Amino acid sequence: MTDFKAELTENAQAIEEELDHLLMMDDRPESRLVEAMRYSTLGGGKRVRPFLVMASSQLFNVARSCALRVASAVEMVHCYSLIHDDLPAMDNDDLRRGRPTCHVEYDEATAILAGDALLTRAFEVLGHPATHSDPQVRCDLVTELARAIGVDGMVGGQVLDLMAEHAALTIPEITRLQRLKTGKLIGFSCEAGAILGKAPEAARAALHAYAHDLGLSFQIVDDLLDVEGDAAEVGKKTHKDGTAGKATFVSLLGIERARSQANMLAEQAVQHLELFKEKADPLRDLARFVVNRRA
Ligand code: GRG
């Protein structure tokens, strides 16, 4: 696992450089907006989703420069979702990645616009010829990402999450909510390599199945960290779900069963990778990292 942590850090460094380049700031009247976009995107986060894009791309020998652009676009979308999720109208959080949230550091209007601009920049990056020489591949990337993060994906999941504050959800309902809210973007990250590499359908289906289990495992661990974690270590406010009276995997299953479910899902995720032999080792390590993480 120590070697894997080094690999994750190395990958995060490469993503940081690419994001720094893609979010370049020059001197113009709207620079404060770019500064807020950079504030919320650079210098933090585990970069799990970009790692998934890079690792899935390696399975199909995709050019590193292309994979880095897609990985960075995914991270921009993730950071947009964090900025908007932290706003007073949503979770009203003041701590993210160990620092003041975007609307606290800047102001609410700037935070809304920084999120909007990160989202649109992500699609601009995917549509650029440097991302892939084949326009059909670029079109597929754009369509699949849009599908993953719109009403049938992340934003739809967020709406269900807001509604959950006033409803007692069951396990199947929470599972569906989380599959949309976090699972779909994780799914796109895993399948991005197959899209870039024009992989056979069976390979893409295996990655889809891996992501399906990994995404849920990731979310259960997030719920566990909310209960067991310490804000200084996790980098965001903890004990939020209990305070809000929100039904989560942990509140419904209890800590022990939630943990064993997360472990079981991570191992199940790994089993979908057999087709790729040892080339998928980074994806296997990532699944094990996800269940053992402390932040
Ligand atoms: C507001 C459009 C909109 C969407 C919000 C994904 C999401 C939907 C909100 C993010 C807030 C949140 C706590 C989501 C649960 C998913 C999750 C565990 C996010 C944190 O992801 P990590 O752990 O964070 O990968 P880092 O900081 O490491 O990138």
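These legends describe close-up views of a predicted model.

**View 1. The largest nonpolar core of the predicted model.** This core has 74 residues. Those with the most contacts inside the core are Leu52, Phe60, Phe188, Tyr210, Leu214, Phe276 and Leu286. Helix 4, which spans residues 64-86, gives the most to this core, with twelve residues.

View 2. Phe60 lies in the loop between helix 3 (48-59) and helix 4, and Phe276 in the loop between helix 14 (255-271) and helix 15 (281-292). The pair thus links distant parts of the chain, 216 residues apart.

**View 3. The edge-to-face pair of Tyr39 and Tyr106.** A search of the whole structure finds four aromatic pairs. In the pair of Tyr39 and Tyr106, the ring centres are 5.6 Å apart and the planes are at 75°; because planes over 60 degrees apart count as edge-to-face, the pair is assigned to that class. Tyr39 belongs to helix 2 (residues 31-41), whereas Tyr106 sits in the loop between helix 5 (102-105) and helix 6. The two tyrosines are 67 residues apart, and their pair links distant parts of the chain. Tyr39 has 14% relative accessibility and counts as buried. Tyr106, at 13%, also counts as buried.

**View 4. The ring cluster of Phe4, Phe51 and Phe289.** Ring pairs link these three phenylalanines into a cluster.

**View 5. Packing of helix 6 against helix 7.** Helix 6 (residues 108-127) and helix 7 (residues 135-149) pack at an angle of about 155°, with their axes 8 Å apart. Angles over 145 degrees count as roughly antiparallel, so helix 6 is roughly antiparallel to helix 7. On the helix 6 side, the contact is made by Leu119, Phe123, Leu126 and Gly127. Helix 7 contributes Arg138, Leu141, Val142, Leu145, Ala146 and Ile149. The residues of this contact divide into eight nonpolar, one polar and one charged.

Methods:
Residues numbered from 1 in each chain as written. Predicted model: local features only at pLDDT ≥ 70, side-chain atom pairs only at ≥ 80, totals over all residues. Heavy atoms only, no water. Core = buried A, V, L, I, M, F, W, Y, C linked by side-chain atoms within 4.5 Å. Buried < 20%, exposed > 50% of the residue type's maximum accessible area, 1.4 Å probe, protein only. Helix = DSSP H or I, 4+ residues; strand = E, 2+ residues; numbered from the N terminus. Axes fitted to C-alpha atoms, helices over the stretch in contact; angles between N-to-C directions. Parallel < 35°, antiparallel > 145°, perpendicular 65-115°, else oblique. Contact = heavy atoms within 4.5 Å. Nonpolar A, V, L, I, M, F, W, Y, C, P; charged D, E, K, R; others polar. Phe/Tyr/Trp six-rings, centres within 6.5 Å; stacked < 30°, edge-to-face > 60°.
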